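My notes are below, in the order in which I looked things up.

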Amino acid sequence: MTPEPMSPRTQPAVTTTQFRVGIDENGLGARLGPMLVTAVLAEVSTAGERWLGRRLPTRLRADLDDSKRLVAFGSHQLGEAWARALVTDAETPVDLFERASLDSSTELQNRCPQSAKQQCWTVGDERFEAEPEVVTRVRKHLDHMARRGVVVRGIRTKSICVGELNELREGGCNRFAADLHAMEALILRLRESAGSEITAVCGKV
């Protein structure tokens with residue numbers, strides 16, 4: 001059973017709330033790899049909704065904006081810092097992925113040919129690269145958001161490898177449809193976690 005990716009941060013209680021999910025594809029770029037789709041669940045109070053309707057503070061916008069502007073291949077430390085701030089007890093990149101993934105590594109590897117496992121799943125010397133002060137800064141952003149009535153409650157990601165994408169394509173399911181189905185699976189899981197109806201905003205949909 002896949003563990004929950006994070007426990008709720010200790011934050012001031014919010015009232016008259018709604019649950020929102022932001023979800024988008026964040027993988028399968030120029031460096032061919034799996035399609036990754038990530039969703040974040042937030043509990044938003046009435047005050048938080050008003051705050052979100054305004055322009056974010058400059059300091060927060062410097063770290064929370066269009067991902068294409070803030071991170072890139074070879075310069076991903078800020079994205080890592082956000083992931084580590086949200087999955088608070090992850091000690092390694094492998095641990096972080098396992099805690100955030102909708103499917104366990106074991107489930108994902110079950111479909112791999114034996115000859116491909118080493119290529120796709122070798123960890124090597126992978127380690128966290130974001131400096132501690134960057135992670136601390138991002139955690140302060142989350143605290144600031146919580147005080148304004150936006151409390152991040154969970155994060156989930158779904159990985160679809162190239163082999164699975166090829167199989168889906170042979171069955172008539174193109175890449176866009178695979179992306180959409182991954183989003184649907186994540187939304188259903190986070191709705192279950194919230195225990196309430198949610199409002200989801202999906203990239204490209």
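Definition first: I count two strands as paired if DSSP finds at least two bridges between them. Helices (H or I, at least four residues) and strands (E, at least two) are DSSP runs, numbered from the N terminus.

Source notes. The model is predicted, so I kept in mind that local features need pLDDT of at least 70 and side-chain atom pairs count only at pLDDT 80 or more, while totals for chains, interfaces and linings use all residues. Residues are numbered from 1 along each chain as its sequence is written, and side-chain values use heavy atoms, with hydrogens and water left out.

Entry 1, overview. I found 10 helices and four strands in the protein. Read from the N terminus, the elements run β-β-α-α-α-α-α-α-α-α-β-α-α-β.

Entry 2, the sheet. In what order do the four strands form the open sheet? I read the order as β3-β2-β1-β4, with mixed pairing. β3 (150–160) and β4 (198–202) are at the edges; each has a single partner strand, so one side of each lacks a neighbour in the sheet. On average, neighbouring strands of this sheet are turned by 20 degrees against each other, direction ignored. For this angle, axes are lines fitted to C-alpha atoms (for helices over the stretch in contact), and angles run from 0 to 180 degrees between N-to-C directions.

I then went through the pairs.
- β2 (residues 35–44) and β3 run antiparallel and are joined by 10 bridges; Val-40 is opposite Ile-155 in β3.
- β1 and β2 are antiparallel, with eight bridges; Gly-22 is opposite Val-40 in β2.
- β1 and β4 are parallel, with five bridges; the bridge partner of Gly-22 in β4 is Val-201.

I looked up Glu-25, which lies in strand β1 (residues 18–25). Is Glu-25 buried or exposed? Its relative accessible area is 16%, so Glu-25 is buried. The cut-offs are under 20% relative accessible area for buried, over 50% for exposed, and partly exposed in between (1.4 Å probe, protein chains only). Glu-25 belongs to the covered face of β1, with Phe-19, Val-21 and Ile-23. The uncovered face has Gln-18, Arg-20, Gly-22 and Asp-24. The side chain of Glu-25 makes a polar contact of 2.6 Å with the side chain of Arg-175. A polar contact is a pair of N or O atoms within 3.5 Å; within protein, one must be able to donate a hydrogen and the other to accept it, and residues adjacent in sequence count only if both atoms are side-chain atoms.

I take a nonpolar core as a set of buried Ala, Val, Leu, Ile, Met, Phe, Trp, Tyr and Cys residues joined through side-chain atoms within 4.5 Å. The largest has 23 residues, and Ala-81 and Trp-82 are among those that touch the most other members. α4 (77–86) is one of the elements that give two or more residues to this core, and α4 gives the most, with six residues. Apart from this core lies another of 21 residues, including Met-35 and Leu-190.

I searched the whole structure for disulfides (cysteine sulfur atoms within 2.5 Å) and found zero. Cys-161 is in none; its nearest cysteine sulfur, that of Cys-112, is 5.8 Å away. Cys-161 is partly exposed at 29% relative accessibility, whereas Cys-202 is buried at 18%.
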